[in-house]
Amino acid sequence: DSNKEDIEPNVPTEFTPSNESTIYFASGAEFAGNGGELTISFTCNKKWEATSTKDWCKIMPQGGEAGLNSLQVNVDANSTLENRDAVITIIVGELSKYITIRQSASTTGKVHVENAGSLPELLKCDVSKIEELTISGYLNGTDFKLLREMSNNLIKLDLSEAHIVEGGESYFSDANQKHYTKNAIFPFWGLGNFLELQEIKLPHTINKIDSYAFLGCYELKAIEIPQNVYDLGDCVFMSCTSLKDILLPNTLKYIPMQAFYGCNMKEIVLPEQLDSIGTCAFYNCKELEEVKINDGLRVIGSCVFSGCLSLKKIEIPQSVNYVGYN
C-alpha cells in the first residue's frame with residue numbers, strides 16, 4: 001500500500017543509496033565552474049521529499065514514493081569568482097540525509113574597481129585559477145600587484161574601460177628600485193612574463209606604454225595600441241614570439257630600441273607621423289615579409305631589420321637621412 005507509512009507510522013524507516021551514490025552522502029559532490037549534472041539513486045520504504053539550499057543547485061523531482069528512486073541534480077555555471085556550496089536534504093520518515101554540493105569558482109570574471117587599490121578586496125578568491133578577466137574602473141599599484149599574481153594562468157585580459165592612476169603599493173621591485181604606477185601610463189614590466197597571456201585589450205585612456213611592459217609574453221598573438229598613445233618604452237614587446245598582428249597608432253612618432261625584437265608578424269605598417277625607428281626595433285622578426293614605411297620617416301637605427309630572414313623588399317623614402325649599421 002502506497003500509504004503504508006501513514007497507516008503504520010511505527011514501521012522502521014529504510015533508506016539505502018545505490019553503490020554508486022553512497023560516496024555522495026559520505027563526501028559530497030564536486031562540480032567545476034561550468035556546472036553539470038549528477039544522478040543520485042536510492043531505495044526507501046516510505047514517501048520522501050528533497051530540498052536544495054541554493055537556487056543554482058536544482059533537483060528533480062522534489063519528492064516521490066517508496067521503492068527505487070532517482071534524484072537528478074543540475075548545477076548551473078558559476079558566474080562568480082568565488083567557490084560556493086549548497087546542501088541537498090532528502091527526508092524519508094524520521095530520517096534526514098544530506099549531500100553537500102561544492103562548486104569551483106568561474107575561471108572567467110568581470111569586475112568594476114570604483115576605488116583604486118580595491119581589486120584585492122573585490123577578488124576574494126584564488127586568483128591563480130582565473131583565466132579570463134575584464135576590469136573597468138581605476139587601477140593603481142596595489143591592483144597591478146594583484147594582477148601580477150596571475151602571471152602563470154591569465155589568458156585574456158580586457159582593460160579597455162580601465163584608467164591607470166598613480167598611488168597604491170609598489171607593484172614590482174627589481175635590484176635597483178621599487179616601481180609604482182603613474183597616471184595614464186601602462187606600467188614598466190606591467191604584464192612582463194605573463195606566460196599564458198594570449199589576448200590583451202589596453203585601456204583607451206593611456207598615452208604611454210612603459211619599457212618591458214609585455215616582455216616575454218610568449219603566447220600573446222595580437223596587439224592594438226590605442227590611438228592616443230604617443231610613446232613606447234624600450235623592449236616593450238620584446239620576445240613576444242607569437243605576436244603576429246600589430247596595429248600601431250598614428251600618434252606614434254618613435255619606435256624604441258628592441259620594441260618588437262623576436263616577434264613574428266608578417267607585415268608591419270608604420271604610423272604616418274613616425275619620425276624614427278630605434279636600434280634593433282624589429283631585430284630577428286623571422287617571419288616579417290613586408291614593411292610599409294611612411295613618407296616623413298627620418299631615422300632608421302642600427303640593426304633595425306637584422307635577422308629578418310623573410311624580408312625580400314623594403315622601400316626607404318627620400319625623407320630618411322640616416323640609416324644605422326647592419
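I began with C285, which is buried at a relative accessible area of 0%, where buried means under 20% relative accessible area, exposed over 50% and partly exposed in between, with a 1.4 Å probe and protein chains only. I note that this is a predicted model, in which local features need pLDDT of at least 70 and side-chain atom pairs count only at pLDDT 80 or more, while totals for chains, interfaces and linings use all residues. Residues are numbered from 1 along each chain as its sequence is written, and side-chain values use heavy atoms, with hydrogens and water left out.

I then looked for disulfides, each being a pair of cysteine sulfur atoms within 2.5 Å, and the count by this rule came to zero. For C285, the closest cysteine sulfur belongs to C308 and is 5.1 Å away, too far for a bond. For C44, which is buried at 7% relative accessibility, the closest cysteine sulfur is that of C57, and at 19 Å it is also too far for a bond.

I found a cis peptide bond between M60 and P61, with omega about -10°, and I placed P61 in the loop between β5 (57-60) and β6 (63-64).

I also looked up positive phi values in residues other than glycine. N193 has a phi near 65°, sits in the loop between β16 (185-186) and β17 (199-201), and is partly exposed at 30% relative accessibility. C235 has a phi of about 55° and lies in the loop between β20 (231-232) and β21 (245-247), where I recorded C235 as buried at 1% relative accessibility.

Conventions. Helix = DSSP H or I, 4+ residues; strand = E, 2+ residues; numbered from the N terminus.
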